[in-house]
Amino acid sequence: MGLWHVFYADWQMECCGMPFSVGDEVSWPLLLLDADDVYGGGWHDQLTKVAGPVEYVGGVRVVREETGLTVALGGDPDAEDEPGPEPRGRTRSVGLLSVERHGASWPQVAGRVRAVQVLSQGYAESPPGSRYWEPVPGERSLRPVEQCPKWFADDAAEQGRRRMESAVVVTLEVPGTDSWLSHAVRTARGIPQQVTEPGAETEGIPAEALTSLLESLSTVRVGRNPGPAGRPRRRA
């Protein structure tokens with residue numbers, strides 16, 4: 001049982017998503033995004049590493065991750081500045097694992113929801129008075145909840161600033177896989193890495209205690225990251 005942080009954007013849920021709760025079984029198509037392109041970057045705990053052979057499925061590059069996860073790769077493989085791995089080659093990629101329900105299709109990943117956190121993102125009006133809002137890199141927070149909302153809150157603007165609930169960060173437990181996060185949980189629980197089968201990290205721990213531990217392993221860094229804002233601007 002591998003544990004994976006999954007980013008579920010507000011617009012994906014509000015458009016065609018079905019709310020879910022901690023403990024629910026779900027099945028999602030997963031896409032690995034360039035983390036620097038999501039709210040200007042600054043991600044840390046939520047990053048995912050995938051490694052494995054690459055193939056085309058329905059015109060989409062898909063990685064059959066070597067521990068069992070199936071995930072599509074984001075980006076344009078034909079872009080000059082982003083050549084990407086060749087089909088049937090191998091890749092090692094780090095990014096933000098996300099739910100993607102639009103465009104092409106590829107195999108979905110089934111698993112159990114172990115934790116849910118609502119992501120609040122800070123925005124600044126750019127330019128002032130334009131009513132266009134740019135995400136402020138690194139200006140975000142996470143709040144644990146039992147259920148993913150269908151609709152996300154948007155605070156009133158004040159002095160050119162506002163905060164919006166812009167996503168949830170989900171911890172998904174996927175059978176037959178292993179991950180950085182699973183490794184971190186085993187370390188936190190004092191479980192030996194070398195002689196332990198994947199999945200042992202969630203055995204013998206009450207659901208509430210596991211959820212609390214997973215929340216402690218999905219945090220945001222304090223302070224602002226000066227990277228470029230990477231989300232399309234919102235207009236109020």
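Q: Before anything else, what is a nonpolar core here?
A: A nonpolar core is a set of buried Ala, Val, Leu, Ile, Met, Phe, Trp, Tyr and Cys residues joined through side-chain atoms within 4.5 Å. The model in question is a predicted one.

Q: OK. How many residues does the largest nonpolar core have, and which have the most contacts inside it?
A: The largest nonpolar core has 28 residues. Phe20, Trp28, Leu30 and Val168 have the most contacts inside it.

Q: Which elements give two or more residues to this core?
A: Strand 1 (2-9), strand 2 (25-28), strand 3 (30-33), strand 4 (48-57), strand 6 (70-73), strand 7 (90-99), strand 8 (109-125) and strand 10 (161-174).

Q: Is Tyr8 buried or exposed, and why?
A: Tyr8 has a relative accessible area of 0%, so it counts as buried. Trp28 is buried too, because its relative accessible area is 3% and the cut-off is under 20%.

Q: And why is the pair of Tyr39 and Trp43 tilted?
A: Because the planes of Tyr39 and Trp43 are at 35°, and a pair is neither stacked (under 30 degrees) nor edge-to-face (over 60) at that angle. Their ring centres are 6.4 Å apart. Both Tyr39 and Trp43 are buried, and together with Phe7 they form one aromatic cluster.

Q: What lies over the face of Trp43?
A: Arg140, at 4.1 Å from the ring centre. Elsewhere, the charged end of Arg162 sits over the ring of Trp133, 4.8 Å from its centre.

Q: Zooming out, how many helices and strands does the protein have?
A: Three helices and 11 strands. From the N terminus the order is β-α-β-β-β-β-β-β-β-β-β-α-α-β.

Q: What share of the protein counts as buried?
A: Of its 236 residues, 47%. The protein exposes about 11,600 Å², with 51% of that supplied by carbon and sulfur atoms.

Methods. Residues are numbered from 1 along each chain as its sequence is written. This is a predicted model: local features need pLDDT of at least 70, side-chain atom pairs count only at pLDDT 80 or more; totals for chains, interfaces and linings use all residues. Side-chain values use heavy atoms; hydrogens and water are left out. Buried means under 20% relative accessible area, exposed over 50%, partly exposed in between (1.4 Å probe, protein chains only). Helices (H or I, at least four residues) and strands (E, at least two) are DSSP runs, numbered from the N terminus. Rings of Phe, Tyr and Trp (its six-membered ring) pair if their centres lie within 6.5 Å; planes under 30 degrees apart count as stacked, over 60 as edge-to-face and the rest as tilted. A charge sits over a ring if NZ of Lys or CZ of Arg is within 6 Å of the ring centre and within 35 degrees of the ring normal. Accessible areas come from the Shrake-Rupley method with a 1.4 Å probe; for residues, only the protein chains shown count as cover.
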